[in-house]
Amino acid sequence: MRLVIDLNKCQGYAQCVPLAPGVLKLVGEEALAYDPNPDESQRQQVLRAVASCPVQAIILELDPPADRDTK
Amino acid sequence: MSSGVKGTYSFDEIVKQFRAQGRIVIVGASLAGLRAAEALREKGFEGSLTIIGDEPHEPYDRPPLSKQVLKGWVPADHTKLPRLRRVDADWRLGVAAVGLDRINHVVKLGNGEEVGYDRLLIATGTRARPWPNPEEGALQGVFTIRTVEDAGGLAAALKAKPRRVLVIGAGFVGSEIASVCRDLDLPVTVTERGSGPLKGALGGVISDIAAEMMRDAGVDLRTGVSVASLHGDESGHVRSATLTDGTVLEVDVVIPSLGSIRNVEWLDGAGLAAGQWGVGCDAGCRAFDINGVVTDHIFVAGDVARAPHVLYGYEFLALEHWDNAVAGAEVAANNMINLEVGRRPHLPLPSFWSGQFGVNIKSVGVCSFGDEIVVTQGSPADRRFAAAYGRNGRIVGAVTFNHGKWLPYYAELIERSAPFPPPPPGYDRPADASVYSGVMPARFPDPREPAGNPDVVLTGHDPTDRSAEFRPRSH
């Protein structure tokens with residue numbers, strides 16, 4: 001799975017962190033650290049985390065496009 | 001009486017034909033290159049797309065490389081960028097562009113091949129400035145940090161519990177690396193030739209706060225000093241560094257964090273406005289030639305671009321920001337397949353973030369354009385505050401430390417060039433007795449003072465400045 005978080009949009013509401021603790025971590029009060037390429041087993045948690053963000057800062061690759069794994 | 005007779009030469013037809021059959025080449029296969037390719041397809045470009053990248057990797061995200069990757073939480077190659085859509089491109093990865101022939105519309109590659117284009121996007125970004133002494137820079141244990149290989153190597157070196165880490169340069173990346181070292185409980189020295197960390201980007205007032213944060217976390221921060229030389233052992237591994245004040249430090253890992261170099265060498269001789277601060281382009285991402293005439297078929301996006309910005313006196317702004325790459329790529333893509341009224345400007349409100357020492361530092365605008373600063377909310381002692389920068393009575397930038405929810409308030413003021421000092425939003429104003437109440441000089445470094453290469457550069461024009469520089473070609 002691939003995701004990237006727009007950390008400019010992120011304001012540290014941290015609604016996402018408890019929903020996917022294996023993938024998202026709060027560092028200090030506000031900074032978000034995350035695993036950009038987590039294991040597929042985390043998919044449900046990550047989907048919930050994406051939906052929970054009030055500023056929609058998490059960009060998740062929903063389906064890898066057919067031409068992704070290129071030479 | 002109408003002369004609106006349809007001519008035989010229709011620009012609308014040209015655009016339609018280009019979108020169906022044109023050839024676009026994107027040089028640069030990282031964030032800006034990828035997002036431009038996706039935007040082109042999304043906006044209806046159906047012609048041929050070639051993407052050239054000198055790294056042998058598909059596009060990956062760099063910000064995590066100096067944070068969670070170095071900490072060892074995430075493997076270095078775990079930052080591949082999510083794809084927003086199919087791009088149907090001919091990817092040439094692991095081969096560099098080495099020249100541009102604008103007359104024949106051809107990009108020359110390092111393997112001898114040539115790629116023809118109808119329209120070109122330059123998105124070659126930057127690379128880390130290497131340690132100036134190549135022999136010392138080649139010692140094991142010396143790492144610059146930009147690529148996935150750099151990050152993987154450095155993460156492994158930190159995991160091996162070095163006696164001491166030396167970070168040369170206290171800009172954002174250097175500070176983040178020092179922060180990771182402290183998270184890993186490693187002794188770390190940071191040398192900064194200027195008078196404080198982050199001074200070029202955020203000014204002396206904030207720099208003092210950042211320096212305190214660093215020292216509170218146990219970093220051995222030395223300002224006004226740099227590294228004269230590095231020394232290795234017989235096996236070719238770095239073991240010590242001599243500072244400019246004569247001190248010798250025993251160090252096992254050294255990270256020169258000296259800023260970036262724009263990847264413009266491949267454009268030598270092409271006659272574009274390419275130089276130290278990138279490739280000059282207009283507010284619609286179209287490259288200028290060396291005489292200031294805008295080109296028609298060459299566009300620029302990302303870290304390598306510099307463009308005039310209406311909010312900053314139309315000075316050319318060169319940004320090394322993540323969202324500048326994303327937004328600029330999208331505008332460039334739109335403008336590559338449109339003419340005139342279909343085009344949009346790229347007018348980024350510069351924004352960035354940096355996570356260090358448990359604090360989330362965020363900023364909008366060009367703080368270094370200001371000469372005054374006022375802490376408007378919160379408490380610097382608590383490392384939770386907002387501050388605004390002003391110039392000539394207008395707000396030009398803002399920074400927050402663990403106070404990011406307030407940043408959009410200041411962003412909106414900056415976009416309107418609202419008066420400075422800005423009206424505080426009414427919440428958590430600093431106590432009057434605090435040393436930080438009121439407007440004070442922001443203390444940006446004098447350009448004559450040694451300081452870092454900030455991530456936002458206003459390359460202003462001084463009408464009295466005429467100079468030419470001889471740069472011998474490296475080949």
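Trainee: Thanks! Which of those classes does Gln56(A) fall into?
Mentor: This is a predicted model, so the value is computed from predicted coordinates. Gln56(A) has 45% relative accessibility. Because that lies between the 20% and 50% cut-offs, Gln56(A) counts as partly exposed.

Trainee: What is the phi of Gln56(A)?
Mentor: Find the loop between helix H1 (43-52) and strand S4 (58-60) of chain A, where Gln56(A) sits. Although Gln56(A) is not a glycine, its phi is positive, at about 50°.

Trainee: Is Leu198(B) buried or exposed?
Mentor: Look in chain B, at the loop between strand S10 (188-192) and helix H6 (199-216). Leu198(B) is not a glycine, yet it has a positive phi of about 60°. Its relative accessibility is 4%. Since the cut-off is under 20%, Leu198(B) counts as buried.

Trainee: Which residue does a cis peptide bond join to Phe420(B)?
Mentor: Look for an omega of about 0° at this bond.

Trainee: What is the mean pLDDT of chain B?
Mentor: For the model, the scores are ipTM 0.93 and pTM 0.92. In chain B, 93% of the residues reach 70 or more. The mean pLDDT of chain B is 92.

Key:
Residues numbered from 1 in each chain as written. Chains lettered and ligands numbered in written order. Predicted model: local features only at pLDDT ≥ 70, side-chain atom pairs only at ≥ 80, totals over all residues. Heavy atoms only, no water. pLDDT = per-residue confidence, 0-100. Helix = DSSP H or I, 4+ residues; strand = E, 2+ residues; numbered from the N terminus. Buried < 20%, exposed > 50% of the residue type's maximum accessible area, 1.4 Å probe, protein only.
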